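Have a look at the model first.

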Amino acid sequence: MQQGINKPIFQQAKLFRYQLPFKIPIVFKGIKLTAREGVILQVQNDKGEFNFAEIAPLPGFSKETLQQATAQIIALLNTPPLNSQSDILLYPSVAFALDCILHNIPISELFKTAESIPLLQGDNHSVLKQYLQLNKPNSVKLKIGRQSVAKDITLFSALSALNNNLLIRCDANQSWTFAQADLFFANINTQLIDYIEEPTASLSDNINLAERYEVQLALDETLQQKQFQYQHHRCFKALILKPTLIGSFERLNYFIKTAKKFHLSVSISSSFESPLGLSQLAFLASQWSKEVDISCGLDTLKFFESAILNKNSDKKLDNKTPINQQVKHLECLWTSN
Ligand SMILES: O=C(O)CCC(=O)C1=CC=C[C@@H](O)[C@@H]1C(=O)O
Ligand SMILES: [Mg+2]
């Protein structure tokens, strides 16, 4: 994808606020959220066409707050023209949204059909129930590291007993110590791990564990460090790209090129965005799949009570209402003129 496109001054920009309640609260790195909050940016270009983007820092994962990101985008919109060469160090959520606008990333309905690897999270009983309800697919992503290692071992073994062909993508979100990760690997059939994302917070410990137990690693949080430069190791199998946490298209393209060079697979993964953000991620995934082996980790709408952008639930919108129409029903929190 092209970089650094400069656009003429836009006619009008608006920011809308959304809030999507979760079915049950979800804990993100120790922060319990009952709802997802973000803003939708709508920009009308000189031809009168609308472009959209979402800014929704994920508490626990993003360094910036929604208030900070909103203030930054307003500052940018107040000094047109919009371009991706801004001197200010942009927050990742803002950099990504800006590039979506500058590159006219459409709201596509692709995400409704894009096949995502099912994400299983919750207590052991509910994870096993979710897996059975999905008719035992051969590939799943399993959250671990949120309960005792003993319970995770029980869960992993119970899940794998349900399907001989199951390959599990594990995600520990850097929550284990070396000893905890070591205990986990020593007590499961590691051949059933497709790859594991970030067992501990130390990349060198993760490599050490991967070599010891012959498991493959995927990098997720590591890729969100602004200074991180990829150095290949044979135990790396996949890159998890969370565009709204990584930021600019320039940085994302760097990882796509890296994946191509080292034959890594790429997962385009959600950060629990609204349907608008997810639809743009699905579009980008379909573009990048021309270059690298892509899978989607966009299976997060199921955690919301309702995935419709709508301020008042009495407005009779349903999921057949086009997303750009839904935006009009949100509370407008800022407008350029
Ligand atoms: O990658 C997926 O399949 C879905 C998204 C997902 O698992 C995550 C999104 C954001 C924060 C975490 O809870 C989690 C992850 O770490 O990958
Ligand atoms: Mg992860």
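Buried means under 20% relative accessible area, exposed over 50%, and partly exposed in between (1.4 Å probe, protein chains only). Glu-291 comes in at 36%, so it counts as partly exposed. This is a predicted model, where local features need pLDDT of at least 70 and side-chain atom pairs count only at pLDDT 80 or more, while totals for chains, interfaces and linings use all residues. Residues are numbered from 1 along each chain as its sequence is written, ligands are numbered from 1 in the order in which they are written, and side-chain values use heavy atoms, leaving out hydrogens and water.

Now the metal. The magnesium ion (ligand 2) has Asp-171 (OD), Glu-197 (OE) and Asp-220 (OD) as protein donors, lying 2.0 to 2.3 Å from it. Donors here are N, O and S atoms within 2.8 Å of the metal (3.2 Å for Na, K and Ca); water is not among the atoms, so sites may look incomplete. Along the sequence, the donor spacing reads D-x25-E-x22-D. Asp-171 is buried at 0% relative accessibility, and Asp-220 is buried at 0% too.

Next, ligand 1. Polar contacts are pairs of N or O atoms within 3.5 Å; within protein, one must be able to donate a hydrogen and the other to accept it, and residues adjacent in sequence count only if both atoms are side-chain atoms.

| Residue (side chain) | Distance to an oxygen atom of ligand 1 |
|---|---|
| Asp-171 | 3.0 Å |
| Asp-220 | 3.3 Å |
| Ser-269 | 2.6 Å |
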